[in-house]
Amino acid sequence: MMTLTEARQRLAMSGMRLTKRDGEYRVSFAELAYAQAEPSAYYTDDLLDAVLTGARMRATPPLDAALQIRT
């Protein structure tokens, strides 16, 4: 079983941010401010899902997030 700290470390290595509030995990691009990352943020109540989806998000960022990260 993965801990929240381990999950955050794994995602941080790939440039993703993981936060938890009210039993829900939020995965977003670490380079973007909260408001900028919101359109592409992913919410789930499953920690493993958050880690796997965060890895996929980094591999194929949506166009709006990719443009914001590069500028």
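**Helix packing and charges in a predicted model**

Me: How many aromatic pairs does a search of the whole structure find?
Reply: Happy to look with you; keep in mind that this is a predicted model. Two rings pair if their centres lie within 6.5 Å. Searching the whole structure for aromatic pairs gives a count of 0.

Me: Over the ring of which residue does the charged end of R26 sit?
Reply: A charge sits over a ring if, among other things, CZ of Arg is within 6 Å of the ring centre. For R26 the distance to the centre is 3.9 Å, and the ring belongs to Y34.

Me: Which residue meets R26 in a salt bridge, and how many residues apart are the parts that the pair ties together?
Reply: The side chain of R26 meets that of E38, at 2.9 Å from N to O. R26 lies in strand β2 and E38 in the loop between α2 and β3, so the parts tied together are apart in sequence by 12 residues.

Me: Is α1 roughly parallel or roughly antiparallel to α3?
Reply: Helix α1 (residues 4–13) packs against helix α3 (residues 47–59) at about 5 degrees, with axes 10 Å apart. Angles under 35 degrees count as roughly parallel. Therefore α1 and α3 are roughly parallel.

Methods:
Residues numbered from 1 in each chain as written. Predicted model: local features only at pLDDT ≥ 70, side-chain atom pairs only at ≥ 80, totals over all residues. Heavy atoms only, no water. Phe/Tyr/Trp six-rings, centres within 6.5 Å; stacked < 30°, edge-to-face > 60°. Lys NZ or Arg CZ within 6 Å of the ring centre and 35° of its normal. Axes fitted to C-alpha atoms, helices over the stretch in contact; angles between N-to-C directions. Helix = DSSP H or I, 4+ residues; strand = E, 2+ residues; numbered from the N terminus. Parallel < 35°, antiparallel > 145°, perpendicular 65-115°, else oblique. Salt bridge = Lys/Arg side-chain N within 4 Å of Asp/Glu carboxyl O.
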